[in-house]
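Here are my notes on the model, point by point. Please keep the structure open while reading.

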Amino acid sequence: MGVAPIDLFASCLRLLPGGEIRTRADAGAGDGWRLTAVYARTGADVDSGHWQAYPEAEKVVSCLVGMIRLYLRPERPGEREEEIRLTAGTAVVVPRGRWHRIQPDIPSNILIVAPARGTLSAPVAQAGAAAGAEGGSRR
């Protein structure tokens with residue numbers, strides 16, 4: 001196998017148990033972690049209209065270039081969303097099972113390290129109405 005550059009904006013890396021690393025093309029289904037780079041100009045580039053949660057693990061969101069906001073869904077009805085501002089070179093660890101979404105303030109490069117499977121997803125309006133309750137679809 002030769003060593004060659006990988007365009008992280010065109011494909012994700014899959015970090016497998018046992019130390020193997022695969023590109024999206026040969027990642028397949030299964031365990032491990034996904035490393036994804038995203039160039040986000042608008043919320044549509046990061047699916048900001050949906051909350052995500054990972055019940056089995058934490059997730060890293062890093063702003064490499066630009067400025068983004070990470071929102072944590074309220075854990076109880078009546079509470080407000082928690083907003084975390086990330087600037088270039090900063091990161092946050094999203095707690096296991098915590099519903100969250102990303103919104104870029106300006107065009108930004110974002111690096112995400114998340115479990116390769118087990119993502120829960122729910123539209124912002126639906127998840128917001130059910131704050132604190134489990135729900136959403138699994139991806």
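1. Which side chain does the side chain of Arg-101 join through a polar contact of 3.2 Å? The partner is Glu-81. A polar contact is a pair of N or O atoms within 3.5 Å; within protein, one must be able to donate a hydrogen and the other to accept it, and residues adjacent in sequence count only if both atoms are side-chain atoms.

2. On the basis of these notes: this is a predicted model, where local features need pLDDT of at least 70, side-chain atom pairs count only at pLDDT 80 or more, and totals for chains, interfaces and linings use all residues. Residues are numbered from 1 along each chain as its sequence is written, and side-chain values use heavy atoms, with hydrogens and water left out.

3. Arg-101 sits in strand S9 (residues 100-104). Strands here are DSSP runs of E, at least two residues long, numbered from the N terminus. Arg-101 counts as buried because its relative accessibility is 14%. The classes are: buried under 20% relative accessible area, exposed over 50%, partly exposed in between (1.4 Å probe, protein chains only).

4. Two rings lie under the charge of Arg-101. It is over the face of Tyr-71, at 4.4 Å from the ring centre. It is also over the face of Trp-51, at 5.2 Å from the ring centre. The rule asks for NZ of Lys or CZ of Arg within 6 Å of the ring centre and within 35 degrees of the ring normal.

5. Arg-101 is also in contact (heavy atoms within 4.5 Å) with residues beyond four places in sequence, including Ser-48, His-50, Arg-69, Leu-70 and Val-124.

6. Arg-69 belongs to strand S6 (residues 67-72). At 17% relative accessibility, Arg-69 is therefore buried. Its side chain makes polar contacts with the side chains of Tyr-71, at 2.3 Å, and Asp-105, at 2.5 Å. Leaving aside neighbours within four places in sequence, its contacts include Glu-83, Arg-85, Arg-101 and Gln-103.

7. Now the nonpolar packing. The largest nonpolar core has 17 residues, and Val-61, Ile-68, Leu-70, Leu-86, Ile-102 and Ile-110 have the most contacts inside it. At least two residues come from each of S3, S5, S6, strand S7 (82-87), strand S8 (90-94) and S10. Another core, of 6 residues, lies apart from it, with Tyr-71, Trp-99, Leu-120 and Ala-122 among them. A core is a set of buried Ala, Val, Leu, Ile, Met, Phe, Trp, Tyr and Cys residues joined through side-chain atoms within 4.5 Å.

8. Leu-70 deserves a look. Beyond four places in sequence, its contacts include Val-61, Ile-84, Val-92, Val-94, Arg-101 and Ile-102.

9. Strand S10 (residues 108-115) runs antiparallel to strand S3 (residues 33-40), with 8 bridges joining them. Thr-36 has Ile-112 of S10 as its bridge partner. S10 also pairs with strand S5 (residues 59-65) in the antiparallel sense, over 5 bridges. There Val-60 stands opposite Val-113 in S10. Pairing needs at least two DSSP bridges between the strands.

10. Pro-123 is in strand S11 (residues 120-123). With 35% relative accessibility, Pro-123 counts as partly exposed. How far apart are Pro-123 and His-50 in sequence and in space? They are 73 residues apart in sequence and 4.2 Å apart in space, C-alpha to C-alpha. Not counting residues up to four places away, Pro-123 touches Gly-49, His-50 and Trp-51.

Note on methods:
Helix = DSSP H or I, 4+ residues; strand = E, 2+ residues; numbered from the N terminus.
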